[in-house]
Amino acid sequence: MTIELIKSGLLTSIQDAGRRGYASLGLGRAGAMDEPSRRLANALVGNAHDQAVMEITLAGPTLCFREAAVIAITGGIIEARANGQALPPWTTCFLPAGTILRMGGMRHGCRSYLSVRGGFGVAPVLGSRSTDLHARIGPCGGRALRAGDAIATGHAAACSWFPGGNEMKALGWGLDPQPWLDYAQAPLALLRGHHFDALDDASRQMLFSGRFVISRHSNRTGTRLEGTTLQLRHPLELISEASVPGTLQLPPSGQPILLLAEAPVTGGYPRIGQLAAVDLPRLAQRRPGDAVCFTETSMDEAMDRLRRRDDALERLLRRIGQRLESA
Amino acid sequence: MPLTNVHIETLAEDAWLLRFGNDIDVEINARVHGAAAQIGAALPDIECVPSYASLLLRFDPRHWTDTQGRFAGHHLRDAIDSALRGAAVSETPMKEVVIPVWYGAGEDLGDVAAHAGLSAVEVIARHTAVTYRVAMIGFAPGFPYLLGLDPTLAMPRRPTPRASVPAGSVAIGGQQTGVYPQALPGGWQLIGRTPVQLFDVSAEPPSLLKPGDRVRFRAIDEAQFDRIATQAGTAA
């Protein structure tokens, strides 16, 4: 089966859990920006956790399903209509053959994840179906999807949840987007970075008390923060070192950049902070113009929150599996 | 070399940085590659990413826990320490990659020669006389930062970077020399072009070079460039 893109949306790409093991050759991991949402989208359609999904940014695509399909949309809450009928968010849905799925604006969040039962059948590149838009590596030559693309889907094993038919149907239950989707936009937990002490006195304070705004020049490589300018006590001459997602770096402009899924594998800017990994998906759901405040955390606390989040995610994934089996 | 001589920076929940120094230096960089080989051999689940003076380790924190399931950094530290105390992992076979370069295609070769006070022929002779070491790969997939440039050839980057440097460009940026694997924006001085492909996603490994490899450049002419490019499928 194939899904045709009639409209691309603002920025739509195929992503899985990322491409591991090539950082020493200059290639980062890429992958879904909001990984829990990607995994939950797969679970809702009964897919294995490593299947690729469609990452949709702010304004959604229009898709044509030539054959019947079972899909789910998680992450940011996006307007989605199948032949005019509204789809409930975070819920398993059946689309009959010939469905036109029109996705509109996002009401909450910045990135939605569309899974299809059977997964997307695009060929893996270097072991992954993630699209690295910056390095131009991955499905479709490493570019964002565009109108006219036909994306193959994998083989979907039969399931008893839907009897078929000619109408969109949704299961009678779905997931509560909370706490996965952070409606309150609470402060994000930040660890002090290696060069935190090189900030001047005012900047050290501002980092944890100031209000930053996400720049419209942000992308999957990094979130650029405006609104509060930070300064070093004196310039640092640094040599290039390996960098990772979550690092808050300070270029000479004084506007910090928080590195994300497509973080370059090396960088030479001072590292003033590191976002707690548990808060990376929450940052990924903020959009240009949204505020960001940081609260200081310790590595122990960050590790503890990550472990509890992962445990909660695993429990929910198991419950979804059991519920689908008994449906 | 025990871990006591190495500074460990906790970068993220799943990432540590081992720092061996703060300079671009052949000896420090050699220690980085030695440690990467030792840790890679002893702890294959840890991803090692070498750079000039430090080694990034990315691990799964769930593999390093205490009996309560909490992350236990001392287990990881002990395992790294024991890997570094072990015998040096010999780099066999010592890989030396020869990269053919058509220096006539280097737009900035004349500028580099003028800056160095040398003839273009002498610049080529000095650039091809040395064996370089891949200090690290970064900036773009397969882009090697090479150590060993003849100091007389060092030249600052261009004041205004080019919007697009052609794929295969061999270039000098400060004390370093490198090769652009694909068309990219860049500010280094272009002294030649190679017809060989440095990064190919359909190959395994996809990168012609890896950190720690030795590299030599060999001068070729336009006709040889065209012939190799046709064979390699990199002809424009």
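In chain B, the centres of domain 1 and domain 2, taken over C-alpha atoms, are separated by 31 Å. The model is predicted. The domain assignment of chain B places domain 1 at residues 3-85 and domain 2 at residues 96-232. Contact between these two domains involves 7 residues of domain 1 and 7 residues of domain 2. On the domain 1 side, helix α1 (residues 26-42) of chain B gives the most, with 3 residues. By class, that side of domain 1 of chain B has 4 nonpolar residues, 3 polar residues and no charged residues.

Chain A is also assigned two domains: domain 1 covers 2-177 + 315-326, and domain 2 covers 188-296. Their C-alpha centres lie 30 Å apart. Here 19 residues of domain 1 of chain A are in contact with 14 residues of domain 2 of chain A. The elements giving two or more residues to the domain 1 side are α1 (35-44) and β8 (99-116) of chain A. By class, this side of domain 1 of chain A divides into 7 nonpolar, 7 polar and 5 charged residues.

| Domain pair | Distance between C-alpha centres | Residues in contact |
|---|---|---|
| Domain 1 and domain 2 of chain B | 31 Å | 7 residues of domain 1 with 7 residues of domain 2 |
| Domain 1 and domain 2 of chain A | 30 Å | 19 residues of domain 1 with 14 residues of domain 2 |

Between the chains, 34 residues of chain B are in contact with 27 residues of chain A. On the chain B side, two or more residues come from each of β1 (7-12), β2 (15-19), β3 (47-50), β4 (54-58) and β6 (132-137). That side of chain B has 23 nonpolar, 6 polar and 5 charged residues.

Val134(B) stands opposite Leu146(B) in β7(B).

Strand β7 of chain B spans residues 144-147, with Pro144(B) and Leu146(B) pointing one way and Tyr145(B) and Leu147(B) the other way; all are buried. β7(B) also pairs with strand β10 (residues 176-179) of chain B, in the antiparallel sense, over 2 bridges. In that pairing, Leu146(B) stands opposite Thr177(B) in β10(B). Leu146(B) therefore has Val134(B) opposite in one pairing and Thr177(B) opposite in the other.

Technical notes: Residues numbered from 1 in each chain as written. Chains lettered and ligands numbered in written order. Predicted model: local features only at pLDDT ≥ 70, side-chain atom pairs only at ≥ 80, totals over all residues. Helix = DSSP H or I, 4+ residues; strand = E, 2+ residues; numbered from the N terminus. Nonpolar A, V, L, I, M, F, W, Y, C, P; charged D, E, K, R; others polar. Domains from an automatic or database assignment. Buried ≥ 20, exposed ≤ 12 C-beta atoms within 10 Å, placed from the backbone.
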